Amino acid sequence: MSSKDLAISIRGISKAYTLVHNGLKSPSFREVIVDRLKHPLRKQQTETFWALKDVSFDVKKGEVVGIIGRNGAGKSTLLKILSRIVEPTSGEVDLFGRVGSLLEVGTGFHQELTGRENIFLNGAILGMRRDEISKQFDAIVDFAEVDRFLDTPVKRYSSGMYVRLAFAVAAHLNPEILIVDEVLAVGDAQFQKKCMGKMDEVAKGGRTVLFVSHNMSAVEQLCNRIVWLTDGQVHRDSHDVETVAREYLFGQDGHDNAHWIAAEGEKGSEYFDLRRIGFESEDGSPLPRAVPNDQPMYLVLEADVETLDSSLLVGYTVVNADGQTVYWSVQADAGEDLTPPIMLGRNTLRTRIPSRFLNEGAYTIEVIACLHHRFWILEPGKSGPSITFSIAGGLSESAYWYERRPGLTAPVLQWESLTAEMAHDRKRATEF
Amino acid sequence: MQIVTERAAEMQEPLLTIKPPGLWSPFALREVWSYRDLLWALAVRDVKLRYRQTALGVVWVVLQPLLAAGIMSFVFGVIANLPSDGLPYFLLSYIGMLGWQAFSGTLTKASQCIVGNSHLVSKVYFPRLILPLSTVLSTLLDFVVGFALLLGLMGIYGIRPQASLLLLPVLLVLLITLAAGLGLWVSALMVTYRDLQYVIPYFTQLLFYASPVALTLSAVPEKLQIFFLLNPLTGLLEAFRWAIVGRGTISGIAIAYSVGVTVLSFILGAFVFKRMERTFADVI
């Protein structure tokens, strides 16, 4: 390949972070000095963490590359290096074109400034020239649908308007290479659709795009190449986006996330100290990460309770691969008589995850717990303990539908024919 | 020949190569220039935000130096009854405050600029030097307003400006450069050591009383003058006042010393800033 078609050439990029283990989290000047005085001979215990290890790949002009990987796989570090926010520890990157990067929607937006002022400020922050912004101004306002509120401080905007305006500015950035991080996960469904359309337009316009997302359907829709990072390295790099995206969803990366065990010595709340999350079949044997939908699935929670509290609520949330919550369930849902008792010491709770209810795809189950009306012990969305699993196949008994269906869920429901019943009744009536 | 041209076309130069940080990288001043629109946008933001949701708005720009000079002339001129080289004491302190605020405003704002804009530093690339530079613009704006007011005051007191006024821009640049040098240094260190944001106000306060702001050097007991002269601000502020009203004592040695320290502090500050700049986003 001649370098004429190259947009980005990444050669052996690594990034190391040094973690210091001296018990000081974010040291202040005084603490560093006091610590050094107290232990003058102790060598600081440091640990090197490689966020990226020897990553190399080339991106051609016009390619739309989806970058996927679990949290901590190095996606954000890679994007930050490419957008020059952080510098690599080793390796080189050649960029053949102006880079615009969008790691967050509305960077530098200021609450006190009006919509108009923020457009100019945010545009300048994203690297647009003033005359470029002026030229695009009407298009931006039009896209954001905020023309009536242009001279209102954005602190009075609804969150929807805010996000629309922020995305609109970014969408009118016209770089040769566009780097986008998970920014579509905001706004309402209709606006997301609009954003996807805009991204598609950018991609079709022959510009090079690097796009990080957890949303596999967005990646499949937009990208013509997929790069999958695991533990700071390139795990897969393919033009067969659909296959790799499915592999990712159904978890064939060797990581077993279908079970979770608390780290030894790590103690949780006295009211509910979660020790283990299991994903099991009826007889208690662990299930694989991908299960057919007709298989009975049980969620098993083991937890230590030191202090009994009658307002303890324990439950779980199910979140799909698009980040939508499918449902919540709580142990006290069925009423007082049917609520399982919580006892001092080790408790094992089990609940059945409805089969023939979830659609095909990957899910995250996050355990939640709280003292009702008082405080969260495990708050949803705060990266508490979770497991992931996926539903593959077994969606219905029908010969016509065996794969993913449209819709959030795919329940198998009962159908009956009233006509047939009436005909049956009539037949019986004439017999008499 | 054919082959050579083809190779040249193939070996297209990258627009930019990202490399691990070397020991020393030069200030990319051309890049800073290409980001001038951002510099302007940030400066405009700071100016606009300062007086938003205030009842008096821009009036504060005028009111602040007047009030400060009023208090100072009361304390030093009325209570302590210090000599004033034959100037109205209010004017003396006003001129002092004008020069002092160019210095302290730059220092305070520049030293906060990286930590105060951490959300930008961790999410977008731009030459980090833009941030301290953008604070200078709002200081300059304050100075212009304050200076216009000064001309009005001098008219009221019937004091004519001197030809030495032409030196004022040079002195202003020196004051701001000295502050910017310190500010660059502090802003870079503050990313790791937030303690500095508590230290700086006390440091400036101390410096205020160790500088001839609302008093002249001649009012200082001779034994203590040496401590004042160690302060590089002394030479600059005395010269600043002299340039405006043509009164006071200035010594060539004091000014040479101030200029030397100013240049040194700026070079050192710029060097430290440049060295630490690349890890801002990692640490912040």
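Student: In which sense do strand E6 and strand E7 of chain A pair, and over how many bridges?

Tutor: In this predicted model, strand E6 (residues 177–181) and strand E7 (residues 208–212) of chain A run parallel to each other, and their pairing extends over 5 bridges. Within that pairing, Ile177(A) is placed opposite Thr208(A), a residue of E7(A). The two strands belong to an open sheet of 6 strands in chain A, whose order reads E5-E6-E7-E3-E8-E9 and whose pairing is mixed. The edges of this sheet are formed by strand E5 (99–102) and strand E9 (233–238) of chain A, and because each has a single partner strand, one side of each is left without a neighbour in the sheet. From one strand to the next the twist averages 15°.

The crossing in which H3(A) passes H5(A) is right-handed. On the side of H3(A), the residues that meet H5(A) are Gly115(A), Asn118(A), Ile119(A), Asn122(A) and Gly123(A), while H5(A) contributes Leu165(A), Ala166(A) and Val169(A). Sorted by class, this contact of H3(A) with H5(A) comprises 4 nonpolar and 4 polar residues, with no charged residues.

Further along chain A, strand E14 (residues 312–320) and strand E15 (residues 325–330) run antiparallel and are joined by 5 bridges, with Tyr316(A) standing opposite Ser329(A) of E15(A). The hairpin of E14(A) and E15(A) has 4 residues between the strands, and in this hairpin Gly323(A) adopts a positive phi near 85°.

Taken as a whole, the contact between the chains involves 32 residues of chain B and 38 residues of chain A. On the side of chain B that touches chain A, the elements giving two or more residues are helix H1 (2–10), strand E1 (16–18), helix H3 (36–50), helix H6 (118–121) and helix H13 (280–283) of chain B, and H3(B) gives the most, with 6 residues. The residues on that side of chain B divide into 16 nonpolar, 5 polar and 11 charged.

Note on methods: Residues numbered from 1 in each chain as written. Chains lettered and ligands numbered in written order. Predicted model: local features only at pLDDT ≥ 70, side-chain atom pairs only at ≥ 80, totals over all residues. Pairing = 2+ DSSP bridges. Axes fitted to C-alpha atoms, helices over the stretch in contact; angles between N-to-C directions. Left-handed = near helix turned anticlockwise from the far one by under 90°. Contact = placed C-beta atoms within 7 Å. Nonpolar A, V, L, I, M, F, W, Y, C, P; charged D, E, K, R; others polar.
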